[in-house]
Amino acid sequence: FIVFAHGDRCGAREEYTTPYTFGSCQGHGSVPPSDFNKYGQYITDVVNHFVNRYGQSEVNTWYFEVWNEPTGTMWWGNNGATYFQIFDITKQRVKAIVPNAKVGGFYYNYLSTFLTHTPDFTADHFYPNVEVGDSPSDQQRMDAVTPLLQDGFASIKQQAGSAVEVINGEYHIDWGSSPYTERPFIGNWFVAAFIAQIKSGMDMELTYRGTCTSSGTGCRGMWRTDKTLLSAYYKKKMFVSLNPTGATRYYVQDSADVDVLGVTNPSNGKKYVTIVNKKDSSINPSIQLIGLTVTSLKNVETPSETINVNNGIVSIPLTNFQSKFFEVVSSGGGGSCIPAWSCTSWSVCSSSCVKTRTCSDQNSCGQSCGGASNCVTSQSCTGGSCPPAGGGSSSCPISFNQVVQYANAWVSCQTAP
């Protein structure tokens, strides 16, 4: 994911800007190009460099974002019309070299106008302190997740339509450095943020990544400068391993206290439930697991914790902002998933005396029929079944009396019993 970010920055070394000095340094150090021909050549040379280094087929899969936050004065010194001109030049230059690469931008303030320039994607960034005020409490950070990450991106996705991807290009609990200490809240906040983004229907999320001091402060990433990982990393890793790309979502619950997400993992066919406490207090919420045959939930991080489920209802104790991951244990035991097969009606008997139907698992366990009696998809025709109308073999094994009895029915197999 490449961002053509800020043009000519203050203090940039000359060899990095010459011969592409297409803007002057002012304000925060970034202004639009003053020479669009030089800017276009810069884009061409950079993309060609990527192709020479990584190969055409690889770069054809990349995303190229035009500028960073051009709707704000910090990184921008001009108007929307200039940005759209830059976007059009960038898109034309990139597509001329790697036509399948995706080119988009960060212009949600004027999304309807931006969409007329046919971007492949549109991006946005999210930091609670920017949205709800400086130095927000942890509760305020958590409270911002649903209306801004979930509902906000859902609105963008609705406006953009199915042809344009929606990407969260940056997000974290705060833009400043002070809250980035080693504490459980950060990992739990990310679990809530993941669930919100899945519910929003967005297509991709990119966490702002940086390093931290050895003491754990100043961390906008997942590790410190001494290369030790923060606990938030393990929460994110656990969530992604249980809820990977391609997982089938079967259950979602929203409330003021908790967020719940249930999925079927495509790699093993098992079902998992992720739950996060959105309150700065201990709670014991009652959760209804709809449409599942469940006897208990087994904690993936702490296997010794198993919680019984009674008639689809389970109470899960959660401390302040705590998140937990559970494997669904069905009546089959061992976390197995019990298929619920639903089949179409049988087809008309074929000329080879075989009729067929299609069966699907309503529980999305990821298993094949495997010969189960309630999901047989083909069988031989017997008794009065016959070849389809208009031709075919008449060699089905039926008796002479049956042939006489149903002679008139051979014209239309549909009427034969």
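The report below takes up the nonpolar cores and then the strand pairing.

## The largest nonpolar core

In this predicted model, the largest nonpolar core holds 35 residues, and those touching the most other members are Leu149, Tyr171, Trp189 and Phe239. Two or more residues of this core come from each of helix 8 (145-160), strand 5 (165-171), helix 9 (184-200), helix 10 (231-242), strand 10 (258-264) and strand 11 (271-277). The greatest contribution is that of helix 9, which supplies 10 residues.

As background, nonpolar side chains in soluble globular proteins tend to be buried together.

When residues up to four places away in sequence are set aside, leucine 149 touches Phe126, Ala144, Asn168, Ala193, Ala196, Gln197, Ser200 and Met202.

## Pairing around strand 13

Strand 13 (residues 296-299) pairs with strand 14 (residues 306-308) in the antiparallel sense, with three bridges between them, and a hairpin of six residues leads from strand 13 to strand 14. Within this pairing, leucine 297 stands opposite isoleucine 307 of strand 14.

Strand 13 also runs antiparallel to strand 16 (residues 323-329), to which four bridges join it. Here lysine 298 is the residue that stands opposite glutamate 327 in strand 16.

Definitions and conventions
Residues numbered from 1 in each chain as written. Predicted model: local features only at pLDDT ≥ 70, side-chain atom pairs only at ≥ 80, totals over all residues. Heavy atoms only, no water. Core = buried A, V, L, I, M, F, W, Y, C linked by side-chain atoms within 4.5 Å. Buried < 20%, exposed > 50% of the residue type's maximum accessible area, 1.4 Å probe, protein only. Contact = heavy atoms within 4.5 Å. Pairing = 2+ DSSP bridges.
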